[in-house]
Amino acid sequence: MLKDVFRKPTKYVTIKSVPAIQPRLPLEADPSEQKSAERKELPDNLWVKCPGCGEVHFTKNLEEYAQVCVKCSYHFRMNARQRVDLLLDAGSFQEWNADLVSVDPLEFPGYKEKIAQERQKTKMTEGVLTGLGSIEQMPVACLVSENAFFMGSMGSAIGEKIARAIERAIAMGIPVLSITSSGGARMQEGILSLYQMAKTSAALERLSEAGLLYLSVLTNPTYGGVTASYAMLGDVIIAEPGALIGFTGPNIIKQTIGKELPLGAQTAEFNQAHGFVDLIVDRTQLRHMLEKLLRYHRREA
Amino acid sequence: MLLFDFEKPLFELEKKIAELKKFSAEKGIDLGNEVRTLELRADELKGKIYDHLEPWQCAQVARHPERPNFFDYVPYLFEDFIELRGDRHYADDRSIAAGIAVFQGTPVTVVAQVKGKDTKENLQRNFGMPHPEGYRKALRLMEQAEKFRRPILTFIDTPGAACDLSAEERGQGEAIARCLIAMARFTVPVISTIIGEGGSGGALALAAGDLLLMLEHSYFSVIAPESCANILWKDVSRAREASTALKYMSKDLYQLKIVDRIIKEPIGGAHRNHRQSAESIGQALAEELQRLQAQDPQSLRDQRYQKIRAIGVFSEGTVNATETVSPT
Ligand SMILES: [Zn+2]
């Protein structure tokens with residue numbers, strides 16, 4: 001068992017089994033949003049070295065394989081719009097509340113400037129994308145974290161966008177899908193950010209009472225206040241292979257226990273072995289799995 | 001009693017009062033008037049100091065080793081308290097004490113975070129930092145309260161949820177999330193009172209009720225000021241600066257509509273007079289509970305939703321979203 005938990009992923013991706021990956025336009029995002037150091041070492045971002053196996057890939061090729069290494073199945077980070085393109089029917093996504101944004105309620109040092117920077121960098125208005133989309137014509141309300149925007153940290157604007165999207169899903173009688181990647185609560189909004197955990201959870205309580213499905217997909221990394229609220233409340237909880245998922249960040253735990261975390265701690269596999277994740281699904285199979293789950297929960301019209 | 005550096009002006013005064021009392025007792029001379037005058041001056045000074053606590057000083061007061069914990073309040077607040085133990089899944093977490101109590105004639109369910117009074121007790125209670133089994137015990141007993149229509153009173157006093165490997169293994173995030181979603185479901189009144197430290201998500205798990213009361217010199221923060229300083233400036237010694245930025249004092253939280261009622265502390269802080277502090281808490285709880293109990297259960301739940309739902313400050317329609325959105 002334990003051996004299984006900590007094994008290195010060796011599964012190969014077969015392109016043919018990838019159900020309906022939507023063709024994507026080239027990414028036009030600022031190269032600085034490419035977080036991984038490996039990308040920066042290589043000229044013009046044309047090549048990427050895989051942190052999993054060392055294989056060097058064409059950036060272009062990676063895009064075709066849903067940002068998954070074909071050799072070792074390492075899952076590279078994706079931004080929110082790439083997720084939407086990968087998972088939803090082409091052209092089905094309609095964004096909600098794109099103009100709902102953070103302010104600086106506590107006048108926290110450097111916060112305003114930081115928000116402006118993150119907007120520039122990501123071309124996003126906030127660290128979550130919400131809206132209506134469909135998977136095989138089945139409508140679903142989507143909450144997709146943008147980790148590149150301030151680590152996807154949850155402040156008032158994100159909490160409000162999520163709560164509104166869930167309430168809209170209830171009104172429309174449709175399921176909710178969340179794809180999380182977040183460092184947790186946004187410290188710069190103090191206690192207000194903390195209460196977004198309560199707000200998103202309360203909205204999910206209403207969704208649950210309405211008998212509507214909530215699918216939660218945890219991607220690398222999902223931590224803190226997001227883990228301790230809407231991320232962990234899915235009817236079905238899915239994680240991407242190798243994704244780091246936890247409450248407390250590994251560095252803080254290291255300081256607390258005074259030694260390195262055991263190999264494999266806080267991975268998707270660790271969380272599954274401990275009973276907190278239903279399914280670990282390779283990104284290339286994710287749309288297919290979501291499609292099935294949505295279909296099995298379909299309500300009679 | 002531990003005195004803080006910002007209480008220095010009090011040192012001399014209190015020393016003098018003690019000396020006068022001793023002298024008076026030894027020599028049999030009545031110095032009552034002199035002592036009273038000095039005591040009045042000391043109270044005035046304490047009042048002045050505590051009315052103008054800086055955020056950093058407030059955190060220190062909230063963490064004062066002699067600050068009353070939940071068990072210090074129990075004999076004053078409740079006619080009876082039956083502690084019920086265990087989460088029925090894994091263990092009994094002593095950093096959370098919970099059970100059935102009788103409050104002014106009414107049976108209530110009580111869930112409280114408890115810090116120890118000494119090292120031994122602190123080890124037992126993990127310094128008031130609950131593990132997942134603590135939150136699951138809280139959840140079990142809150143659900144029981146809902147079943148038997150007992151109001152829920154929670155008492156918050158934690159530096160934060162446990163942040164070690166075992167907490168991760170047993171699903172700290174899930175345990176807290178389950179408390180939050182459950183609190184949105186209850187139809188019995190849920191009143192939370194912060195009596196000391198309100199450390200982040202670990203405190204929030206018990207603070208998403210109908211009302212949040214707060215002892216004047218408690219604090220409730222998204223992050224400990226030390227950790228905040230460490231993240232912002234890689235410098236723990238700037239915690240004082242961080243604490244100002246975090247706006248975690250009761251008056252700040254009242255302004256932000258997080259806290260519904262601030263409970264006045266005895267002059268010089270709750271640690272100087274446990275009984276008086278308990279009486280103020282008891283009075284506030286009695287008034288608020290009576291008000292909530294008069295309400296219809298369904299509307300109580302709806303109001304709780306609206307209260308939590310309304311928390312947050314953001315702006316809408318001020319940015320041109322199409323300008324910032326990248327074409328995909
Ligand atoms: Zn690889």
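Colleague: Which side chain makes a polar contact with the side chain of A:Thr222?

Modeller: Bear in mind that this is a predicted model, where local features need pLDDT of at least 70, side-chain atom pairs count only at pLDDT 80 or more, and totals for chains, interfaces and linings use all residues. Side-chain values use heavy atoms, without hydrogens and water, residues are numbered from 1 along each chain as its sequence is written, and chains are lettered from A and ligands numbered from 1 in the order written. A polar contact is a pair of N or O atoms within 3.5 Å; within protein, one must be able to donate a hydrogen and the other to accept it, and residues adjacent in sequence count only if both atoms are side-chain atoms. At 3.1 Å, the side-chain partner of A:Thr222 is A:Thr180.

Colleague: Is A:Thr222 buried or exposed, and why?

Modeller: A:Thr222 sits in strand 8 (residues 214-222) of chain A, strands being DSSP runs of E, at least two residues long, and helices runs of H or I, at least four, numbered from the N terminus. Buried means under 20% relative accessible area, exposed over 50%, partly exposed in between (1.4 Å probe, protein chains only). Because its relative accessibility is 0%, A:Thr222 counts as buried.

Colleague: How many residues of chain B are in contact with chain A?

Modeller: Contact here means heavy atoms within 4.5 Å. On the chain A side, 65 residues take part, and the number for chain B is 60.

Colleague: Which element gives the largest share of the side of chain A that touches chain B?

Modeller: There are 19 residue pairs in polar contact between the two chains, both residues at pLDDT 80 or more. Elements giving two or more residues to the chain A side include helix 4 (80-87), helix 6 (156-172) and helix 7 (190-209). The largest share, 17 residues, comes from helix 7 of chain A.

Colleague: Which residue forms a salt bridge with A:Glu160?

Modeller: A salt bridge is a side-chain nitrogen of Lys or Arg within 4 Å of a carboxyl oxygen of Asp or Glu. The rule finds 6 of them across the interface of chain A and chain B. With the closest N and O atoms 2.8 Å apart, the partner of A:Glu160 is B:Arg309.

Colleague: What is the bridge partner of A:Leu100 in strand 9 of chain B?

Modeller: Two strands pair if DSSP finds at least two bridges between them. Strand 4 of chain A runs antiparallel to strand 9 (residues 314-316) of chain B, with 3 bridges. For A:Leu100, the partner in that chain B strand is B:Glu316.
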